[in-house]
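I opened the notebook to go through this structure one region at a time. The entries below follow the order in which I looked things up.

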Amino acid sequence: ASYIYNKMGDRSGAVVVMNYKTGEILASVSTPGFDPKTIKEPSEDDAGSQLVNRATMGRYTPGSVFKLVTAAAVLEYKPELASKTYTCTGEVDYGEDGRVTCSGGAVHGELDLNGAVTKSCNCVFAQIAQDLGRNNLKKMAEKLGYNEDFLFDDLMIYQSSYDVSDARDIDYAWSSVGQYKDTASPMHVCMITSAIANDGVMMEPKLIKSVMNYRNFEYIKMTSNTYRRCMSQQTAEQLQEMMVNVVKNGTGKSAAVKGVTVAGKTGTAEVSDNKETKPHAWFTGFIQDEEYPYAIVVMIENAGGGGSQAAPIAASVLKKTMELIK
């Protein structure tokens, strides 16, 4: 945790590292932190910001890390769409309601689902979402824990939200790429990533490894609990391949760690129409290795691009995790 605090510096955000096979939380860091000995009355400016656990209580716009949910819905409910080719011209026009655009004005050309994940193409995802249908996307989001209260033995996680009940077509399109009214906590995003890495099975997150009494008797010992199967093993394996491609050839290259295969997804979540307010930077991913079954989420508030800002921190933290585990 101290290593992560140093890596985050004076940036606000959260980092979670979890064993995706057991649910053990190796690190859950929220910055800015505080020292109970020196904590002062919060000023009106920060409103006690350092007292908020951003990892479990932060309700953030997820941006493109939500594309994993949309991709999962395609593979589960309309797998024929995965091989369909779509064209990105840089925008999808919704008439008077506006348009969906790709980040930085990019034009990606012809892409299938795998290509759209690799390049994080909003325009292709908007078209895929239309073919997929609202009910299927909502159903997948809820299987993965959206709109659900998480009250586990070891921790409580604030509810993530996915709601397109009164959305226009353009709003639904933006929701499929993690914008519109979508919200998620870093801990929940880590649980979703862990479920993908764990062949479709979401584990209950665990904070307490064991409790000993004064005689060194271990009277509480961690046991892993399966929370639910969220998707088929086949769907999970296809998502794993896509996420490996993101780090090898796509927006997540900065998350690569020498000696292991890292899979991931970047996110650059717009939080304001005002271009002066930078987007939140996300990276979520995992090491694809039996020896190091670790998933990670890095979310930095108003930092800019997920690939340039969050992914390098994820790489450093995963490397440090491997060193500590050896």
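**Entry 1: the cavity**

Which element gives the largest share of the lining of the largest cavity? I looked it up: H8 does, with 3 residues. I note here that the model is a predicted one.

I then searched the whole structure for cavities of 30 Å³ or more and found 1. I get a volume of about 60 Å³ for the largest cavity. I listed its lining: Pro-62, Val-65, Phe-66, Leu-68, Val-69, Tyr-146, Val-189, Ile-192, Thr-193 and Thr-284. Helix H3 (67–77) and helix H8 (186–197) are the elements that give two or more residues to this lining. I sorted the lining residues by type and got 8 nonpolar, 2 polar and no charged.

Next I turned to the largest pocket. Its volume is about 730 Å³. I find 29 lining residues, and the closest to the pocket centre are Asn-122, Trp-174, Gln-179, Thr-268 and Glu-270.

Three elements each supply at least two lining residues: helix H7 (169–175), strand E13 (262–269) and helix H10 (306–325). The largest share is 3 residues, and E13 provides it. I sorted this lining too: 17 polar, 6 nonpolar and 6 charged.

**Entry 2: helix H5**

Asn-122 from the pocket list turned up again in helix H5, where it is among the buried residues. How many residues of H5 are buried? I count 8 of 11 for this helix, residues 122–132, so I logged H5 as mostly covered. The buried set is Asn-122, Cys-123, Val-124, Phe-125, Ala-126, Ile-128, Ala-129 and Leu-132.

I also checked Asp-131, which sits in H5. Is Asp-131 buried or partly exposed? Its relative accessible area is 28%, so Asp-131 is partly exposed. Lys-78 is 53 residues away from Asp-131 along the chain, yet their C-alpha atoms are separated by 8.7 Å. Just after H5 I noted Gly-133, with a positive phi of about 95 degrees.

**Entry 3: Gly-109**

I looked at strand E6 (residues 109–111), where Gly-109 is found. Gly-109 has 22% relative accessibility, so I put it down as partly exposed.

**Entry 4: salt bridges**

Side chains of opposite charge can pair when their charged atoms come close. I wrote up some of them.

I began with Lys-21 and Glu-290, whose side chains meet at 3.8 Å, N to O. Lys-21 is partly exposed at 33% relative accessibility. Glu-290 is exposed at 67%.

I went on to Glu-24 and Lys-209, a salt bridge with its closest N and O atoms 3.7 Å apart. Glu-24 is in the loop between E1 and E2, and Lys-209 is in the loop between strand E9 (201–203) and strand E10 (210–212), 185 residues apart. Lys-209 has 60% relative accessibility, so I marked it exposed.

Then I took Arg-168 and Asp-97, with the closest N and O atoms 3.3 Å apart. This pair also links distant parts of the chain, 71 residues apart: Arg-168 is in the loop between strand E8 (156–157) and H7, Asp-97 in the loop between strand E4 (91–93) and strand E5 (99–101). Arg-168 is partly exposed at 41%, and Asp-97 is partly exposed at 38%. I found that Asp-97, Arg-168 and Asp-171 are linked in a network of salt bridges.

**Entry 5: a surface patch**

Last, I checked the surface for nonpolar patches. Which residues make the patch of about 280 Å²? I have Leu-26, Leu-324 and Ile-325 for it. Leu-324 lies in helix H10, which also supplies residues to the lining of the largest pocket. Leu-324 has 64% relative accessibility, so I recorded it as exposed.

Notes: Residues are numbered from 1 along each chain as its sequence is written. This is a predicted model: local features need pLDDT of at least 70, side-chain atom pairs count only at pLDDT 80 or more; totals for chains, interfaces and linings use all residues. Side-chain values use heavy atoms; hydrogens and water are left out. On a 1 Å grid over the protein atoms alone, a cavity is a set of points where a 1.4 Å probe fits but cannot get out, and a pocket is an open set with protein on both sides within 12 Å along at least five of seven lines; lining residues have an atom within 4 Å of a point. Grid points are joined across faces, edges and corners, and a volume is the space filled by probe spheres set on the points. Helices (H or I, at least four residues) and strands (E, at least two) are DSSP runs, numbered from the N terminus. Ala, Val, Leu, Ile, Met, Phe, Trp, Tyr, Cys and Pro count as nonpolar, Asp, Glu, Lys and Arg as charged, and the others, Gly among them, as polar. Patches are made of residues with over 30% relative accessible area and no salt bridge: like charges are joined within 9 Å, nonpolar side chains (Val, Leu, Ile, Met, Phe, Trp, Tyr) within 5 Å. Accessible areas come from the Shrake-Rupley method with a 1.4 Å probe; for residues, only the protein chains shown count as cover. A salt bridge is a side-chain nitrogen of Lys or Arg within 4 Å of a carboxyl oxygen of Asp or Glu. Buried means under 20% relative accessible area, exposed over 50%, partly exposed in between (1.4 Å probe, protein chains only).
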